[in-house]
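Here are a few notes from a colleague to go with the model you are about to open. Keep the viewer up while you read, and click on each residue as it comes along.

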Amino acid sequence: MAEKLADPADDLLSKVAARVRDGELTRQEAAQMGVLLLIAGHETTANMIALGTLALLQNPAQLALLRDSDDPKLVAGAAEELLRYLNITHSGRRRVALEDVEIAGQVIRAGEGIIMPNDIGNRDPDVFPDPDRLDVRRDARRHVAFGFGVHQCLGQPLARVELQVVYGTLYRRIPTLAAAVPIEEIPFKHDGQVYGVYELPVTW
Ligand code: HEM
């Protein structure tokens, strides 16, 4: 942020820096926005690409459907299904009730905090039959991997484009892609805010 304040260019962070100069944002707020964009925008899609590839390598029939198809609808559906199935933002969305609400006989009082585990919602068998099965042809559009409501993911159109490009290209361009180590040797990000793998060694 300091760099963009001193030497602005034609980019997003320089636009945020301009708001600091106009007194609309503090330097700290602007820097936090930069960090949010970096984590929300990079960690998420990067992990979806690696983890999605691993999930497909584990499900070769599903991978074959993607690899052998040039139907953009199938690719778009596969991206939604992988978002549902993998649900990489696995820490739950936090909200505060503004008024009393009753859900399934349970009253949540105004002012009470709620943690909504969207990963569990994405495995709701009433919405997604046989939810633990990866099925790139299912209709997964009602998933909540991008959250829900006013704060749902700002970057979801960009994320969808990125994932559709990758899932629709990678396995066709490298049809012999395979994991280079057994799954037990792959280090998973159990400790991160965004779930994924630290590395995915592959061969072809
Ligand atoms: C696969 C990729 C992604 C996933 C799974 C994802 C998921 C999420 C989730 C679950 C939330 C919280 C929603 C809520 O509380 O209801 C969120 C918020 C957000 N995401 Fe993403 N995201 C992804 C990609 C991106 C990208 C590419 C960007 C930006 C370039 C981005 C920017 C944001 C921002 C700024 C917020 C905060 C919105 C707010 O609080 O109003 N995300 N994302």
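Predicted model: local features only at pLDDT ≥ 70, side-chain atom pairs only at ≥ 80, totals over all residues.

1. Let's begin with the ligand. Where does it sit? The space that the ligand takes up is the largest pocket. Around the ligand there are 21 residues, and the closest are Ala 40, Arg 93, Arg 95, His 151 and Cys 153.

2. Which elements build that shell? At least two residues each come from α3 (27–58), β1 (93–96) and α7. The largest share belongs to α3, with six residues. So try colouring α3 in your viewer; as a helix, it is a DSSP run.

3. What kinds of residues are these? Sorted by class, the shell has eleven nonpolar, eight polar and two charged residues.

4. Now zoom in on some atom pairs at the ligand. A nitrogen atom of the ligand is 3.2 Å from a backbone N or O atom of Ala 40. Arg 95 uses its side chain instead: an N or O atom there lies 2.7 Å from an oxygen atom of the ligand. With Phe 148 we are back to the backbone, where an N or O atom is 3.2 Å from a ligand oxygen atom.

5. Next, have a look at Leu 83, which you'll find in helix α5 (residues 72–86). Is Leu 83 buried or exposed? Its relative accessibility is 6%, so Leu 83 counts as buried, because buried means under 20%. Leaving out residues up to four places away in sequence, Leu 83 touches Met 48, Asn 122, His 143, Ala 145, Phe 146 and Leu 163. Ala 140 is 57 residues from Leu 83 along the chain, yet their C-alpha atoms are separated by 8.7 Å.

6. Phe 128 is another one to click on. Even so, Phe 128 counts as buried, because its relative accessibility is 2%. What does Phe 128 touch? Not counting residues up to four places away in sequence, the list is Arg 84, Gly 121, Asn 122, Arg 138, Asp 139, Ala 140, Arg 142 and His 143. Notice that Asn 122 and His 143 are touched by Phe 128 and also by Leu 83.

Technical notes
Residues numbered from 1 in each chain as written. Heavy atoms only, no water. Buried < 20%, exposed > 50% of the residue type's maximum accessible area, 1.4 Å probe, protein only. Contact = heavy atoms within 4.5 Å. Near = heavy atom within 4 Å. Polar contact = N/O pair within 3.5 Å; in protein donor to acceptor, adjacent residues only side chain to side chain. 1 Å grid on protein atoms, 1.4 Å probe; cavity = no way out; pocket = protein on both sides within 12 Å on 5 of 7 lines; lining within 4 Å. Sits in = over half its atoms within 2 Å of the grid points. Helix = DSSP H or I, 4+ residues; strand = E, 2+ residues; numbered from the N terminus. Nonpolar A, V, L, I, M, F, W, Y, C, P; charged D, E, K, R; others polar.
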